[in-house]
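Keep the structure open while reading.

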Amino acid sequence: MTEHLSLTGVTHGYGDRQLFTAVDLVIGAGEHAAVVGENGAGKSTLLRILAGLEAPDEGAAASHGRVGYLAQTTGLPASFTVGNAIDDALESLRAIEAELDRLESGLADADAEQLERYGDLQTQYQLREGYAAESRVEAALDRLGLGGLDRQRTLGSLSGGEQHRVGLACVLADPADVLLLDEPTNHLDASGTAWLEARLAAHRGTVVVVSHDRALLRKVAASVIEVDAERCAVNSYGNGYDGYLREKAAERERWVQQYRGWLDAMAAERLQADTVAGKMGYARRRDGDKMGFDFKAGTWQQAVTSKVRNAQERLRRLEANPVDRPPVPLKLAVELQAEAGEEAATADAAGPALEARGVQVPGRLAPTDFRVEAGQKILITGPNGAGKSTLLSVLAGTLEPDAGTVVRHGRIGYLQQELEPPARPGTRLLPAFAAGLGGNIDEHAESLLRLGLFRTTEFHVPVGSLSAGQQRRLALARLLLGGFGTMLVDEPTNHLAPVLVEQLEAALSEFGGTLIMVSHDRALGEWFSKCAARDTAGSTGGPGWLRYTMAEGALA
């Protein structure tokens, strides 16, 4: 068997929105592939179809061997305990254990068939290292920052990030032949991400991962599967993530050249048809030879008619075989402006943009002092559980500390890590973006389109139908166009396509206001370091770019 996963003639969509059309795809045994594409293109849907959890509208999906699947959310009831989730993940191993126990009790009187059955099950159990499954769960939880987690805790009592890490530990406790992972590095710190990369690289089976993490894509993926929203297609590329980027750039350049060539050919044939008579020009000169003139005019007319007819035929063929216009890729385009005017002047006179004194949230944030000067850029890093997101929520005012005070100046925008489900899922995207902003809806539509995070075709999509990435883009759009003097951003790269992340970095690097970010993204950390070095090299005594590392709930 040379393939573990395959799609044959798969067509799928939701309502009048088509995602894929006549897709053929083969993922070989042992292949490590990444799935990329714009937010909402259908990456998660593709993974569910490959996992056999969603049937395509047309065509067939096939898999060989056991499949382990990690969704962006566990999908388990909130009443489930951590222990229930682990048992659910190890159900097939538990079944083998039970059957082995049953057969062992009657081995003395077993016939040849029962002995063969017992031997087969024992081989399966040993190959899957069933005896070490519990220790693998504990090791995975520990490496993912959940060591010592009470098995009796309900999933509903855990944060979204903790639930995600429990789900990841469960999938890796009994590694399947095929691992299908949807955004596995979301909610992981640097240590957890490094451990996951090593686990995936060492996995002898097939790995297919949907991810925005550029470092993970480069380290794990030998091939890249792109979900092309414009063409409703799924294409495979070799030579890793960097090879994919190079091939995509070359592919787009070829497409642009073909389109321009088609337009030029169309224009040339129209010009030929319209001007050929004038270019011939012979019949415009009449001499005294009337008979000769009539003969020459007739010959000329036949030539003109033939040339026009030929040009029109060539034009017809060009029109019958058009080259589609290359789609304009989403490109975040914003010049971030800090708040200006009287409010900003008052903020400058009053002191720092933000100052927290002795803020504390028991079990989540140790007593902390935190001062941010106006215009300062701060990246907060640290392991899971250090209190980074809690500190940001306290600074933003969405979480009241049990002790301490926070002084804020100016308007503050906040992008949370965990977005709340839409209160009105039926609301269309454009009105949801414009909610509370005042002004004219047409002006908001123009601003949102100019930002480059959405196309006009998406303006009327209900927010409840948006993917996690699209909802993230909507919240980001409201932040970027809000005119805030201070922006608090928690894991800004989560769910965003890599190309948009790079453009977001470029926009933030020019922001003149105050910026506080929490992130585990290693590539974003490298970008921040470059900005800090650039700022230091050209320093004029400004507030600068600073990195803080939180450990055990306090700034270190």
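**Helix packing, cavities and confidence**

Helix α5 (residues 133-143) packs against helix α6 (residues 160-173) at an angle of about 145°, and their axes lie 9 Å apart. This is a predicted model. Its mean pLDDT over the chain is 85.

**Helices α5 and α6**

- The crossing of α5 and α6 is right-handed.
- From α5, the contact uses Ala133, Arg136, Val137, Ala140 and Leu141.
- From α6, Val166, Ala169, Leu172 and Ala173 take part.
- By class, this contact of α5 with α6 holds 8 nonpolar residues, 1 charged residue and no polar ones.

**Helices α3 and α4**

- Helix α3 (residues 91-104) and helix α4 (residues 112-127) cross at roughly 145°, with axes that come within 10 Å.
- The α3 and α4 crossing is left-handed.
- On the α3 side, the contact residues are Leu93, Ile96, Glu97, Glu99, Leu100, Leu103 and Glu104.
- They meet Arg117, Tyr118, Leu121, Gln122, Gln124 and Tyr125 in α4.
- The class count for the α3 contact with α4 is 7 nonpolar, 2 polar and 4 charged residues.

**Cavities**

- The model has 3 cavities of 30 Å³ or more.
- The largest cavity has a volume of about 90 Å³.
- Its lining includes Thr185, Asn186, His187, Leu188, Thr193 and His212. Asp213, Glu491, Thr493, Asn494, His520 and Asp521 also line the largest cavity.
- That lining divides by class into 1 nonpolar, 8 polar and 3 charged residues.
- The second largest cavity holds about 50 Å³ of space.
- Among the residues lining the second largest cavity are Asn39, Lys43, Glu183, Ser211 and His212. His495, Leu496, Ala497 and Pro498 line this cavity too.
- Which strand gives the most to the lining of the second largest cavity? Strand β3 (residues 32-37) does, with 3 residues. Val35, Val36 and Gly37 are also in that lining.
- By class, the lining of the second largest cavity has 5 nonpolar, 5 polar and 2 charged residues.

**Confidence**

- Of the chain's residues, 88% reach a pLDDT of 70 or more.

Terms used. Residues numbered from 1 in each chain as written. Predicted model: local features only at pLDDT ≥ 70, side-chain atom pairs only at ≥ 80, totals over all residues. Heavy atoms only, no water. Axes fitted to C-alpha atoms, helices over the stretch in contact; angles between N-to-C directions. Helix = DSSP H or I, 4+ residues; strand = E, 2+ residues; numbered from the N terminus. Left-handed = near helix turned anticlockwise from the far one by under 90°. Contact = heavy atoms within 4.5 Å. Nonpolar A, V, L, I, M, F, W, Y, C, P; charged D, E, K, R; others polar. pLDDT = per-residue confidence, 0-100. 1 Å grid on protein atoms, 1.4 Å probe; cavity = no way out; pocket = protein on both sides within 12 Å on 5 of 7 lines; lining within 4 Å. Points joined across faces, edges and corners; volume = space filled by probe spheres on them.
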